[in-house]
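Reader: I would like to learn how to read a fold from its coordinates. Please walk me through the case shown here.

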Amino acid sequence: MSYIRSSALFAQAEKVIPGGVNSPVRAFKAVGGTPIFIKEAKGAYLTDEDNNEYIDYINSWGPMILGHAYQPVVDAVVEKTKKGTSFGTPTEIETQIAELAVSMVPNIEMIRFVNSGTEACMSAVRLARGYTGKDKIIKFAGCYHGHSDSFLIQAGSGAVTFGSPNSPGVTQGTAKDTLLAVYNDIDNVKQIIEANKGEIACIIIEPVAGNMGCIPPKNNFLQQLRELCTANDILLIFDEVMTGFRLAKGGAQELFNVKADIVCFGKVIGGGLPVGAFAANNEIMHYLAPIGPVYQAGTLSGNPLAMAAGLAMLQELNKDGAIYNRLAEKTEYLHKGIAEVLNQNNITHTINRVGSMISVHFAEGEVLNFETSAKGNNDTFKKFFHGMLSQGVYIAPSAFETWFITDALTYADLDKTISAVAAVAKTL
Ligand code: PLP
């Protein structure tokens, strides 16, 4: 494959955009090489600026669950655009998408729209602090909730230590209120709560982790968190930015039958436009401005084009619950195919999968938290990534990401992907 135009565009971009990208993982730093510039996409395929085609497993990092340029979403946006792109006033479509989201997701009665997953999580935590009158939060090492200061806290070794910032610009003052816990380790969470009695406003978690590769909750972890939160007056926040409307109509709450107090959304809910949202019951949501004291706002929040894309997407997903079975079956097929060829080639690996989220960890044994995920062999991953790219399969350029399966993928595409893995496995 030739990447002449992508390389030239990257060189040009680097002069005016830090690192040539507007979000760091796109820069290929973790895998080496030059990022590929995409010019268009349709269904399960991307086309780059050099006219190379790829089967896409990134899918804009999650939103494109029905494939790229999905016609009802495109049509909805085009029609809305003709009527003006932003008014900064209430619009009917905001209520329509809110009603639909509330009807699809369990345990929520009101929803507020924002412009990104980061905003959703940041606002959810502020709301939890305002509602409980407490400052500290628990997050899990390896979980990503966007780039708001409170979440950019590196994994500490001790269970009950204060977090320390892992990005310059995050103050110690902020970091000290974020307590780090180990994913899938309920005793660790208990210890942290015990050591900070009466001080913790909320626990925020990716109910299926997707940002340390895919890691499912094990041994009723979510149920146990629910019980701990209820017993200690702590709000449980499910960050369903990845899992919302993806694992089921009602997301992880529905799939695992666990109630969260606040739920965050992003990605799928915007149909590929910049949208996030957070939701809860009436009592909690009444703490939000303008009816309550917790301030939160946005010039472009509820933007008509974004709402049109999101509404069209949710309407499609709401039509037919069968889509979730189809997605899970496709993911299982891929899982089995990849496992078979990696085993044939004696490549050490562990594959984690929930619904339409799947990751190949080049690690031995169970991968159930950040520590076990980080033990994966990054050199193997780099070779795998570039090998797959040269075979026309685009996976995320980092070992700490999930592959997203879309309904646009055919079984022929999945077979092509498995053949690509077979070819690449020989080179690892
Ligand atoms: N939460 C989760 C679970 C995510 O995966 C992400 C982004 O990948 C975010 C929050 C942040 O969303 P955004 O990038 O839209 O700000």
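Author: Start with a helix pair. Helix 3 and helix 10 cross with a left-handed sense. Keep in mind that this is a predicted model.

Reader: At what angle do helix 3 and helix 10 pack, and how far apart are their axes?

Author: The angle is about 35°. The axes of helix 3 and helix 10 lie 9 Å apart. Helix 10 covers residues 304-319.

Reader: Which residues of helix 3 and helix 10 make the contact?

Author: Helix 3 contributes Ile 93, Glu 94, Gln 96, Ile 97, Leu 100, Ala 101 and Met 104. From helix 10 come Pro 304, Met 307, Ala 308, Gly 310, Leu 311, Leu 314, Gln 315 and Asn 318. By class, this contact holds 10 nonpolar residues, 4 polar and 1 charged.

Reader: Across which strands does helix 3 lie?

Author: Helix 3, residues 92-104, lies across strand 4 and strand 10. Its direction makes about 125° with strand 4. Helix 4 also packs on the sheet. Helix 4 touches strand 4, strand 5, strand 7, strand 8, strand 9 and strand 10. Against strand 9, the direction of helix 4 makes about 165°.

Reader: Now the sheet itself. In what order do its 7 strands come?

Author: Read across the open sheet: 4-10-9-8-7-5-6. The pairing is mixed.

Reader: Why is one side of strand 4 and of strand 6 left without a neighbour in the sheet?

Author: Strand 4 (110-114) and strand 6 (178-181) stand at the edges. Each has a single partner strand, so one side of each has no neighbour in the sheet. On average, neighbouring strands here are turned by 20° against each other, direction ignored.

Reader: Which way do strand 2 and strand 3 run, and how many bridges join them?

Author: Strand 2 (45-48) and strand 3 (53-56) are antiparallel, with 3 bridges. Leu 46 stands opposite Tyr 54 in strand 3. Thr 47 stands opposite Glu 53. Strand 3 also pairs with strand 13, residues 393-394. That pair is parallel and has 2 bridges. Asp 56 has Tyr 394 of strand 13 as its bridge partner.

Reader: Is the peptide bond from Ala 289 to Pro 290 cis or trans?

Author: The bond is cis, with omega near 10°. Pro 290 falls in the loop between helix 9 (282-285) and helix 10.

Reader: Step back to the domains. What bounds does the domain assignment give?

Author: The assignment lists domain 1 as 4-69 + 321-425 and domain 2 as 71-319. Their C-alpha centres lie 25 Å apart. In the contact, 29 residues of domain 1 meet 30 residues of domain 2.

Reader: Which element gives the most to the side of domain 1 that touches domain 2?

Author: Strand 12, with 4 residues. By class, this side of domain 1 has 16 nonpolar, 11 polar and 2 charged residues.

Reader: Last, the ligand. Which residues come nearest?

Author: Ser 116, Gly 117, Thr 118, Gly 146 and Val 241 come nearest, out of 16 residues around the ligand. Helix 4 (117-132) gives the most to this shell, with 3 residues. The shell divides into 5 nonpolar, 9 polar and 2 charged residues.

Terms used: Residues are numbered from 1 along each chain as its sequence is written. This is a predicted model: local features need pLDDT of at least 70, side-chain atom pairs count only at pLDDT 80 or more; totals for chains, interfaces and linings use all residues. A residue is near a molecule or strand if its C-beta atom, placed from the backbone, lies within 6 Å of it. Ala, Val, Leu, Ile, Met, Phe, Trp, Tyr, Cys and Pro count as nonpolar, Asp, Glu, Lys and Arg as charged, and the others, Gly among them, as polar. Two strands pair if DSSP finds at least two bridges between them. Axes are lines fitted to C-alpha atoms, for helices over the stretch in contact, and angles run from 0 to 180 degrees between N-to-C directions. Two residues are in contact if their C-beta atoms, placed from the backbone, lie within 7 Å. Domain bounds come from an automatic or database domain assignment. A crossing is left-handed if the near helix is turned anticlockwise from the far one by less than a right angle, and right-handed if clockwise.
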